[in-house]
Each structure stands twice: as C-alpha cells, then as structure tokens.
Amino acid sequence: MKTSRRSFIKVSAAFGGGLALWLEMPRTILAAGPTAFEPNAYIRITPDNVVQLWITRSEMGQGVRTTLPMMLIEELEADWSQVQYQQALPGGRFKGIRLRTSGSGSTVGTYNALRKAGATAREMLVAAAAQRWNADPSSCRAERGTVVHAATGRKLSYGELAVEAAGQPVPANPALKDRKDFRVIGKPTKRTDGAAIVKGEAIYGIDVRVPGMLYAVLARCPVLGGKLAKFDAGAALAVPGVRRVVPVSRGIATGVAVVADHTWAAIKGREALKVEWDRGPNADFSSDQFLLQMREEIGKEKDGYFVRDDGDATKALQAATQKLEATYEFPFQAHAPLETMNCVADARKDSCEIWAPTQCPEVALAETAKMLGLPEESVKVHITLLGGGFGRRLFADYVPEAVEISSTIGKPVQVLWTRDDDMRYGFFHPSDVEHVVGGLGEQGHPMVWRQRSIGSNLSMFGLPSDERKKDPRLYFNDGSPWGSFDNPYNFPHLKADFIALNSPVPTGPWRAVEYPVTVFARESFLDEMAHAAGEDPLDFRLKLLQPGDVLQVGTSMIDRSRLIRVLEVAAEKADWRRPLRQTSDRRWGRGLGCNVYSEDCFIAQVAEVSVGRQANDIRVHRIVCAVDCGVVVNPNGLEGQAESGITWGLSATLHGKIDFRNGAAVQENFLDFEVIRMPEAPEIETHVVLTEHAPGGFGETAVPPVAPAVANAIFAATGKRVRSLPITPEKLRHLPQV
Amino acid sequence: MPSFTLHLNGKRFPVDADPEMPLLWALRDLLGLTGTKYGCGMGVCGACTVHEDGVAVRSCQIPLSASAGKEYVSIEGLSSDGSHPCQKAWVEEDVSQCGYCQVGMVMQAAAFLRHKPNPSAEEVDAEMSDHICRCGTYQRMRKAILRAASEGRKA
C-alpha cells in the first residue's frame, strides 16, 4: 500500500474547512490508513467496487434520490450499476452541510457542490491510476467506473484504485465537465426507488417499527391555542391494548396521548377518553370574520410596508384615462399530504433516536437535544421517505410530541396524527386579500400598477427588522409578498406594499408559499386590464415585458426575455391564436397565467376550460405549460413536477379551503376537503425551453399560474370574473349571456 | 380477546384482536405488513386498498369480524418480485412521486384489469376515482394502467 498516514491526513485537512471529512471514521482505521476512498462527505468507494452516495435532501416525491446521484455520477464518471445510495443524516458526517429540503432548492442548492464533489473524486482516481502506470494523468481518462489508459489499453476499476486514490492530493479546483459532454445530466431518468414503492417496500415514517415500540394518538384541544384543563384516563385505560394515558405539552396542538399496543387501541382509547379543555382566547375566531376584517383594513387609506415603489403611482393613477380596481381573496389551505404527520422516538436516559418523515432534520435534532438536555451528538435523527411534504414537514412539531411521550413512558413510541388531526391542526397556508388598482393611459397603454397584500402571510418569517427596512433590496429575503414585490412587468409606475394582519391560525409555507395568492391577483388583474384596454391578454403581457431586458428588483435579477419566450411557446403549443370550439352544452375558453419563481424559473400556462350551460360545472380539459429553468438535470423529474404542481394548484383553484368556526377548523377529511382525483385531472403538456442558465428550482414553480389561468379561461368562456378561490359552480350562477 | 384466522396472501394467520379492529391495522400493526397504507380512515382516499376475494376493497373499512371466510391479498402478496403487470407498468411510466398512495392505486388497478382487461381511458378514470394522489400523478397513472392492460393482452 502506497498510502502513508501522512498523505491520508493531508486529504482530510484539505477538506476540513467545509465538509465533515473523516470525522466519523473510527480511530483504528485512521491509524491503519484508509480502507475506502472517501474524498468528501458525499462519496465512498470501497475496494469491492461499490460507489456509495449520500443523499443530502429529503425524498418527498421531487425525486432527489434520483437527481442528486445523477449530478454526482455525471462528474464522478461512475456507473449506475455500482452505485448504492443512502440518506444523509444530520450531524456527524454531515454536520455543517444543509439537509433542510425547502424552497424548490434541492437541485439549485446542490448542483455546484455535488458536481465538484464528483469531479474531485474523479481526478484523484485518475491521478492514482496514472501513478500506478507511471503515466501522465492527462493521458488517462475516467469512464463508467474505470480509469483507462488509451495508449496502452490498460484499465483499472474504481474499486481497484480506491485505496491509492485516498492518498492522492486533493485538487483545489477540479475541472468540471463541459455541458456538451454530459451523459447523465439532461437525460430522462426513471426514479431509482420506483420499484420499491410499488412493491410496498419503501419505508415511510409511518412504517417504522422498533422493538418494544408502542403506538400513540393524541386528543387535542379543538380550539386553536386551547389547553388541557383536566382529564380522566379511566375509560381510556379500560380499552384493551391501552397501556398509558399521558399529558403532552409540546407541539402545535397539545393535549393527552393515549399509548397502546397498536394504533387501533390508541384510537379507541382516545374515543373513550374524558377530557376537559381550557378553550383559551380564540374560541370565537371565525375565518369569515377574519376575511371581513382583511377587506376592511385593505380599503383604508394608509400605507403598509412598501416593498416596491417605482415612479409615482399615486400621481399616475390621478392622470390615468381609465382606472380599474379589484380585490382577490384566498382562503386558508391545508397541506393534507397523504401520509399524515408521525414520528417514532426512543428517548433514553442519555441518548435519543428519532425516525421521522421530515424536511427539517437539523431542527428536529437540535430541538430534541435541547428538550432533553443532551449534547447533539447523543441524538440521532433518521430521515424516512416522506409521504408528501409540500412545506408542512418544514415544521418539526410532531417530533417533540413523540420525544416527550417516549421520555415520559420510558419506551419507544410512534405518534400518529389521524386524518382529522392532520386536517384540523398544523400550519396552514394563510388566508390573504389582495387589492389591485391599475391605470391605462392614452390608447389603453398600461401606465400604473398598485398592489396591496394583506394577511398573516408574514407570520412564518417575521416582519423585516428596522435595520433591514432601511434597505428595500433586502425585503425579498424577509418574506415580503413574492409575486407582488418581484412583479416582472414594465409599468412606469409601480407600487406594492403589504399589511400584516395576524389571526390565531398558525401559518407556514405551503407549496409555492406566497406566490399562489399574489400571482392569482396579479395575473387575473392583468387579464382584466387587457380586456379594458381592448387587447389580447397575451399581447398585453408581451408588450409589458418589452424591451426584454433584465429587471433588478431587490437582490433578484429577472430576465424578462426568458418570460417572453415561455409565454410565446405556451401560446403557440396551446393554439392561443386560434378560436376554441363551442358546443351546445358547454361554453369553452382559454386563459393565460405566467410567473417568475424566485428569479431563476420562468413559466407560462394556458388552461383550456369549459363550463356547463346548465349546471355551471367547471371542467379543466388541458393545461399547456412552457418552462425555462435553465439546465434540466432530469427531464422526467421536471415533467413530473409540472404535472404535480399543476394538479396541486388545481385542487386549490376548484376545491380546497379550510374554514374556521368557533376557533376550530371545520373540515376534517377528504370528504369535506376535496382534492383533484383522476376523472378531474386535466391533460397536462409540458414544453421545456432549454437554456444555458444554472438550474432553477421547479418543485413549486408550476403551482401559482394555475388559478389565474383557469379563472381567466372561465372569464373567456362565460364573461364572469371570479376573484375568490375556490372557484365553485355556485360562484358562476347568474352568468352573463355570451 | 377473540381470535380470528386471516386468510392472507395464500397463508393463514391467527390473530387475537378486537373484532372491530379494521383489517388495515391488523395488517400493519399485528402482522407487520406495512405496504398497505393509512390515509383517511374512512374509505375515501384508497391508500389502504387490498383485494377481498379478488375485489379491491378499503382495508380501513373492514372489521376483523367481517373477514371470516374471505381471501385477502395485500401488496406483499400481489407478486413476490414486483413482476405484476401493473407494478411493471408503474415503473415503466415512472409514475410514483412521493409514492405513498401508489400501493393502493396498484391494488385497485390490478383487481380492475382482472375483471376488465381492455378498459377505455374513461373507464380507468371512473375506476380510480375513489383514490387520491396528492402529488398529482394521475396522468402517468392512467398511462400505466392502459399499458398494463395492453401488456396483459399480449401475454
């Protein structure tokens, strides 16, 4: 073995700054020299020619267990057949490396790091082979898990080179492959775990079984923010299989846990449990009242926090030849992932182990350690598959619940939220109201735009600090209304502000966060302005994006030419310029919506909709989607996310809402919280505009344009403008004759 | 505790449990077969679908007391190796996203195609309308079912 301990430590030190290299390696191995090649936290190559890759994001359907390995394999030049992957866990090897999965950032946030990690390993493997052959490294090349010396035809597998590669110097700036040489990135690739899923072998949080584990469900105060007053465990304990009944003080909706031998006994025990609640200060809260309050506040003559103030909107509105205004409303929404919240915790005296479907494992770890007074090294968090995330699992509230119960009863326990728990508690998408005023000048020329947002949309981020308020460029990062703040249209006078009005409803990020609200208002109102100006809604938008320049807003750079391009492609593929057929029983229409998600992802959608002449029933037949999010790592995944985001958006457009009455959520299950099912699922066509830009995130991008595209199509079909979601047949009664 | 004999996946399993316990929880918590998923607990999402005498049913709605004399198949018994035409078609069409609902979908489609080997797209839609996929994989799922049907006819 050529590797000396000294050279091995050199490898470690070079990576020591950013990555947690070797920190988990047992000392005995360190003393004896490496038995595997681990150039960084992501990659391990063993002499048996296995390439092990760690996945540094949670898999929740966006395909990271496929996309992330693709980026590593591309630069590493490994062969799929030799690759194994496993989930990266917080702490230890991955201390300091982000595992949080949010903001459509799984590809964006790993693209450079994973490619560099792969390229580093590749160069070290090539160097090891060159050294063995006494050849110039430039005469050797990596190819599908081997290094080849073309001149002599010699070839060594990565496994054969692993130990020597570990002794090679670490390249500071390994050469990344040119895009034209990609053989993995950009190639449609099927999910690595597709077969396991349909065999029922994929393990979600709910499927975790630990020896000696008990099962718990919680009785929770129905009123938001209410508390446990007292309980009588007698009847619950009399249910066969129920072991313990214990109060729970942690989490978003506290109460009493019924702990049993199996889930069914826990559910029966909860039904039998006698509890009295202190209903707290929110027992009169009603979402209808809150909506009225938002409507009232938004009409008041006062300014909110300005997030954008170009030109002089007030003066321009006075000078406008035509002035329009409208108010749009968005209800509270639940995430309702099909796998309800759950967590397994095994809290012991001096350690704790957690198994959770979570988007925020670092938080789960830190909170558990703090709660139990343990060093973080004594807590282990396993990330299972997530049966849907959608932002709900960015909160770890269900983890401390399980930890508290396990700690109380001294046994491992699985806490399961039943569907009604999951629907009625948690962190909802906030209800918001948007007020937009627009002014047209001579010949219907769009001159001025004024958008105001009101709602509890800031409670998840907090208001900007006084310091940051001085610099509006930073507002973006403080969670000002995306979609309003980064309005891409070229109005000479543009003003946008927001007013925070909080309710007792806990709110949090829901797929696409604030865009669904602001973009529903913005793209609907643009349609209204286009009609007022007597212009085609597509032409009106294209005109407002001239001259196709780069708009700088806050810290974002928005390339309007990319938005123009996707609008043109969507319109062309949807036959926008050709009239749509009408039938004797239904009125048909097309509608357009577009958006720029977080400056790096551009999307336009055309919805084709029909409304029954008798029943006013709404059918969305087809949605054509054009997208430019730069380099596409996995086109299969991108199309899947388009289909997914559009269906998500459509559920909220046509069905979804959570009402609160007497301080409690009204909807309890999928009977009263309806979502799109297969017969309602439209034909979705995705067209990718490929560009050379760095990848943009696409997990959420397809959601926001759906509601306005459908609302605009309904207007085109019926002449009726619906400005509140969901759009139900009742809202289409008394249609104008068209 | 009453005892039942569950006929499942071609085997017999003795189960001592509350007669009201839904089959879903017996499968998951007593027999350790976690492939069948909990989604709604009231038979409206389809995640817990299994076969009862060859027909797709919601295991969250079947109390153990009603299971006597019936033959059940859960996903673990659909095929030993993922070779059922629906499982293969699902992989081929790359249907799954989060994947949580897919087992229930596959079970529904498998029972459906046995009775209706040559369905139209509309018939597929109607058959699957009791199921929910929150990720919105319906378009690919529809294609996968039609593909499985077509493969089944070839076989």
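This is a predicted model: local features need pLDDT of at least 70, side-chain atom pairs count only at pLDDT 80 or more; totals for chains, interfaces and linings use all residues.
Visitor: Into which domains is chain A divided?

Guide: Domain 1 covers 5-176. Domain 2 is written in two pieces, 205-281 and 341-416. Domain 3 takes 288-332 together with 428-732.

Visitor: How many Å separate the centres of domain 1 and domain 2 of chain A?

Guide: The C-alpha centres of these domains of chain A are 38 Å apart. Domain 1 of chain A puts 12 residues into the contact, and domain 2 of chain A puts in 17 residues. On the domain 1 side, the classes are 4 nonpolar, 6 polar and 2 charged.

Visitor: In what order do the strands of the chain B sheet run?

Guide: Read across the open sheet: S2-S1-S5-S3-S4, 5 strands with mixed pairing. Strands S2 (11-16) and S4 (55-58) of chain B have a single partner strand each, so one side of each lacks a neighbour in the sheet. From one strand to the next, the twist averages 40°.

Visitor: In what sense do S1 and S2 of chain B pair?

Guide: Strand S1 (residues 3-8) of chain B pairs with S2(B) in the antiparallel sense, over 6 bridges. For one bridge, find B:Leu6; its partner in S2(B) is B:Phe13.

Visitor: Which strands does H4(B) lie across?

Guide: H4(B) lies across S3 (49-52) and S4 of chain B. Its angle to S3(B) is about 30°.

Visitor: Back to chain A. At what angle do helices H16 and H17 cross?

Guide: Two packed helices are described by the angle between their axes and the distance between the axes. For H16 (residues 537-544) and H17 (residues 560-573) of chain A, the axes come within 10 Å and cross at roughly 165°. H16(A) is therefore roughly antiparallel to H17(A). Their crossing is left-handed.

Visitor: Which residues make that contact of H16(A) and H17(A)?

Guide: H16(A) contributes A:Leu538, A:Arg541 and A:Leu542. H17(A) contributes A:Ile564, A:Leu567 and A:Ala571. By class, the contact has 5 nonpolar residues, no polar and 1 charged.

Conventions. Residues are numbered from 1 along each chain as its sequence is written. Chains are lettered from A and ligands numbered from 1 in the order in which they are written. Axes are lines fitted to C-alpha atoms, for helices over the stretch in contact, and angles run from 0 to 180 degrees between N-to-C directions. Helices (H or I, at least four residues) and strands (E, at least two) are DSSP runs, numbered from the N terminus. Angles under 35 degrees count as roughly parallel, over 145 as roughly antiparallel, 65 to 115 as roughly perpendicular and the rest as oblique. A crossing is left-handed if the near helix is turned anticlockwise from the far one by less than a right angle, and right-handed if clockwise. Two residues are in contact if their C-beta atoms, placed from the backbone, lie within 7 Å. Ala, Val, Leu, Ile, Met, Phe, Trp, Tyr, Cys and Pro count as nonpolar, Asp, Glu, Lys and Arg as charged, and the others, Gly among them, as polar. Two strands pair if DSSP finds at least two bridges between them. Domain bounds come from an automatic or database domain assignment.
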